[in-house]
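Here is a short briefing on one protein chain. Look at the structure first, then follow the points below.

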Amino acid sequence: MIVYDKGYDVVVVGGGHAGCEAALAAARMGCRTLLLSINLDAVALMSCNPAIGGLAKGHLVKEIDALGGEMAKNIDATGIQFRILNTKKGPAVRASRAQADKQQYRLRMKRVLEHQEGLDLKQAEATGLVVEEGQVLGVDTKAGVRYLGKTVVLTTGTFMRGLIHIGLTHYPGGRAGDLPSIGLSDSLKGCGFNVGRLKTGTPARLDGRTIDFSRLELQYGDEQPIPFSFSTDRITQPQVPCHIAYTNERSHDIIRSGLDRSPLYSGIIEGVGPRYCPSIEDKVVRFPEKERHQTFIEPEGADTVEVYPSGLSTSLPIDVQWAFYRSIHGLERVEIMRPAYAIEYDYVDPIQLHASLETKMVGNLYHAGQINGTSGYEEAAAQGLIAGINAALRVQGREPLILGRNDAYIGVMIDDLVTLGSKEPYRMFTSRAEYRLLLREDNADLRLREKGHAVGLVREEEYRDFLEKKNMIDGELQRLRQEKLVPSEADHDFLEEFGLTGMQNAMTYEQLLRRPDIDSLGLARIDARILEVPAAVREQVEIQIKYQGYIDRQLEQVERARRLESAKIPLDLEYVGLPGLSAEVQEKLQKFRPDTLGQASRIPGVTPAAITILSIALKARNGR
């Protein structure tokens with residue numbers, strides 16, 4: 001094995017969405033960083049849907065941006081349709097989503113990586129870890145070159161022992177058109193890691209020239225596209241529509257006729273698939289009462305005829321795919337450009353990670369993305385960002401950045417993974433966050449900008465803009481608490497419209513805005529100054545005022561939970577034989593080895609009584 005003549009602070013293995021964020025974060029924090037990818041032309045490639053964001057996923061993208069990551073800027077520059085989802089619901093569950101120009105997204109991210117100071121990109125397949133005395137020292141590659149690094153971040157996606165399935169045909173692949181990664185799984189097993197098997201899938205890519213779009217429903221994006229990044233002023237590129245189509249009973253009959261040749265139903269696929277993103281054959285089998293299933297026909301870019309039929313992933317044989325897709329109204333003559341397929345791949349159970357995403361088995365080794373059992377670009381990118389930050393902080397001798405469940409959706413996701421493990425592909429949902437009124441998309445910068453600046457990722461110019469926005473919010477809140485509507489001076493029409501006629505005492509503008517029937521535009525009829533502040537500031541002011549009672553209640557819950565989260569558990573604590581704990585609880589704690597009492601309290605089967613016993617044991621150990 002030839003040792004490369006340049007050492008690195010951080011070596012990132014994998015060039016997907018997790019790897020890109022990890023490498024950029026480490027390099028921007030001043031570390032000598034190397035990104036290894038099996039195919040440098042596939043960096044940041046969207047292997048499945050050509051879109052970023054969505055319910056809960058949009059929250060992750062906003063948080064990535066607030067911390068100084070790149071994903072939001074990249075979609076803002078390459079998105080071709082932007083939409084805000086759940087606009088009729090409360091601010092906690094509103095979500096941003098954007099269709100991407102798939103190739104432009106990839107090319108722009110590659111350009112950013114190539115021009116990042118302190119970052120080297122090399123095409124190589126990592127086949128093993130270099131580990132001595134429980135610490136990682138670098139990686140070995142298939143070409144016989146060893147790259148040494150003080151820290152290593154594994155972001156392997158679906159590539160570890162990847163196996164593609166189309167009907168009863170299967171062949172090795174990290175995704176269609178790319179080779180799998182062979183050897184790294186065995187290296188991880190050799191280090192003592194518990195390696196499992198998962199499965200995911202993707203729809204066919206269809207030739208848009210062979211679809212009769214006049215027979216499909218049009219779906220336009222928002223008239224005024226709202227950017228993902230807090231640093232993007234506006235979206236400038238042309239926007240395009242999507243289309244909606246539906247399966248029918250004939251489609252479902254065709255699918256049922258091919259189940260005997262489906263790798264899912266013939267036992268060929270061993271891995272567990274994503275429960276919340278099932279294949280079309282899964283939908284038909286599990287919901288036989290449904291007469292149709294919806295699909296969004298999404299363009300893959302402005303300069304290609306390929307389209308993506310969202311929600312129609314399958315691993316059925318190619319002849320069944322032809323018949324099934326052509327059974328959909330408007331798609332009777334459709335041509336498949338790339339067949340749908342399922343893919344199995346290896347992952348490492350994330351209970352073997354600390355909340356920093358450093359592994360418990362091997363020091364200075366970090367895991368991010370689908371290697372941790374997650375699904376989705378956004379989940380991967382968020383983990384990659386945290387892993388890259390913490391690898392860099394380790395090199396710099398600084399404490400890791402740990403986001404709590406009350407700090408960010410990123411914190412919720414990582415805590416779920418390292419506390420509960422993952423037996424199926426993990427997907428982020430708003431329902432997973434118990435403090436979701438605090439963790440809104442709109443306030444991600446207020447929650448996380450300071451942290452991103454503290455670790456060295458948020459640029460000074462962006463930080464100054466953030467401070468200015470924060471000061472404007474505080475100033476406007478203070479003004480609205482002081483200025484008042486005096487009955488004798490009030491506009492009669494305004495009073496009558498909002499049921500305020502006969503009011504005896506003056507009301508502050510804050511009190512008025514707290515009413516459900518008055519928003520900032522309504523208040524502007526008597527307070528023109530509120531329109532002088534930027535829309536983002538006005539939005540924050542209105543939300544904070546209207547939801548203040550609920551927000552205060554959640555903050556009280558956070559404070560109660562904080563005590564458990566701050567109680568650290570020593571790594572060498574022996575749970576077996578600990579007086580007062582049942583054998584079942586001892587076994588669970590020994591297996592999961594939580595870092596804090598808070599993590600221990602969220603392990604299924606660990607009772608509040610057990611947490612009390614554990615707390616007493618920790619105090620006795622610490623001499624208190």
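Buried means under 20% relative accessible area, exposed means over 50%, and partly exposed lies in between. Valine 3 has 46% relative accessibility, so valine 3 counts as partly exposed. Keep in mind that this is a predicted model.

- Valine 3 sits in strand 1, which spans residues 2-3.
- Together, Val3, Leu137 and Leu148 make a nonpolar surface patch.
- The area of this patch is about 210 Å².

**Salt bridges**

- Side chains of opposite charge can pair when their charged atoms come close.
- How many salt bridges are there? The count comes to 43.
- One of them joins arginine 146 and aspartate 140 through their side chains. The N to O distance is 2.6 Å.
- Are these two partners buried or exposed, or something in between? Arginine 146 is partly exposed, because its relative accessibility is 26%. Aspartate 140 is buried, because its value is 12%.
- Glutamate 332 and arginine 215 form another salt bridge, at 3.0 Å from N to O.
- What does this pair tie together? Glutamate 332 lies in the loop between helix 8 (318-326) and strand 19 (336-338). Arginine 215 lies in the loop between strand 14 (205-207) and strand 15 (217-219). The pair therefore ties together parts that are 117 residues apart in sequence.
- Glutamate 332 has 34% relative accessibility, so glutamate 332 counts as partly exposed. Arginine 215 has 46%, so arginine 215 also counts as partly exposed.
- Aspartate 445 pairs with lysine 469 in a salt bridge. Their closest N and O atoms are 2.8 Å apart.
- This pair links distant parts of the chain, 24 residues apart. Aspartate 445 belongs to helix 11 (residues 444-455), and lysine 469 belongs to helix 12 (residues 460-482).
- Aspartate 445 and lysine 469 are both buried.
- Some salt bridges share partners and form one network. Its members are Arg405, Asp415, Asp416, Glu434, Glu565 and Arg602.

- Strands of a sheet pair through backbone hydrogen bonds, either parallel or antiparallel.
- This open sheet has four strands in the order 12-11-20-13, and the pairing is antiparallel.
- Which strands stand at the edges? They are strand 12 (169-172) and strand 13 (195-202), and each pairs on one side only.
- Neighbouring strands are turned by 25° against each other on average, direction ignored.
- Strand 11 (residues 163-166) and strand 20 (residues 341-348) pair over three bridges, in the antiparallel sense.
- Isoleucine 164 stands opposite isoleucine 343, a residue of strand 20.

- A second open sheet has three strands in the order 4-6-5, with antiparallel pairing.
- Strand 4 (51-53) and strand 5 (79-85) are at the edges. Each has a single partner strand, so one side of each is left without a neighbour in the sheet.
- From one strand to the next, the twist averages 15°.
- Strand 4 and strand 6 (residues 95-100) run antiparallel and are joined by three bridges.
- Alanine 51 stands opposite glutamine 99, which is in strand 6.

- Helix 3 (residues 71-78) lies across strand 4, strand 5 and strand 6. The helix runs at about 115° to strand 5.
- Helix 3 is mostly covered, with seven of its eight residues buried.
- Which residues of helix 3 are buried? They are Met71, Ala72, Lys73, Asn74, Ile75, Asp76 and Thr78.
- Glutamine 237 comes from the loop between strand 15 and strand 16 (242-246).
- Leaving aside residues up to four places away in sequence, glutamine 237 touches Ile75, Asp76, Ala77, Thr78, Gly79 and Phe82.
- Glutamine 237 and glycine 79 are 158 residues apart along the chain, and their C-alpha atoms are separated by 7.6 Å.
- Why does glutamine 237 count as buried? Its relative accessibility is 18%, and the cut-off for buried is under 20%.

Terms used: Residues numbered from 1 in each chain as written. Predicted model: local features only at pLDDT ≥ 70, side-chain atom pairs only at ≥ 80, totals over all residues. Heavy atoms only, no water. Salt bridge = Lys/Arg side-chain N within 4 Å of Asp/Glu carboxyl O. Buried < 20%, exposed > 50% of the residue type's maximum accessible area, 1.4 Å probe, protein only. Helix = DSSP H or I, 4+ residues; strand = E, 2+ residues; numbered from the N terminus. Patch = residues over 30% accessible without salt bridge, like charges linked within 9 Å, V, L, I, M, F, W, Y side chains within 5 Å. Areas by Shrake-Rupley, 256 points an atom, 1.4 Å probe, with all protein chains shown as cover. Pairing = 2+ DSSP bridges. Axes fitted to C-alpha atoms, helices over the stretch in contact; angles between N-to-C directions. Contact = heavy atoms within 4.5 Å.
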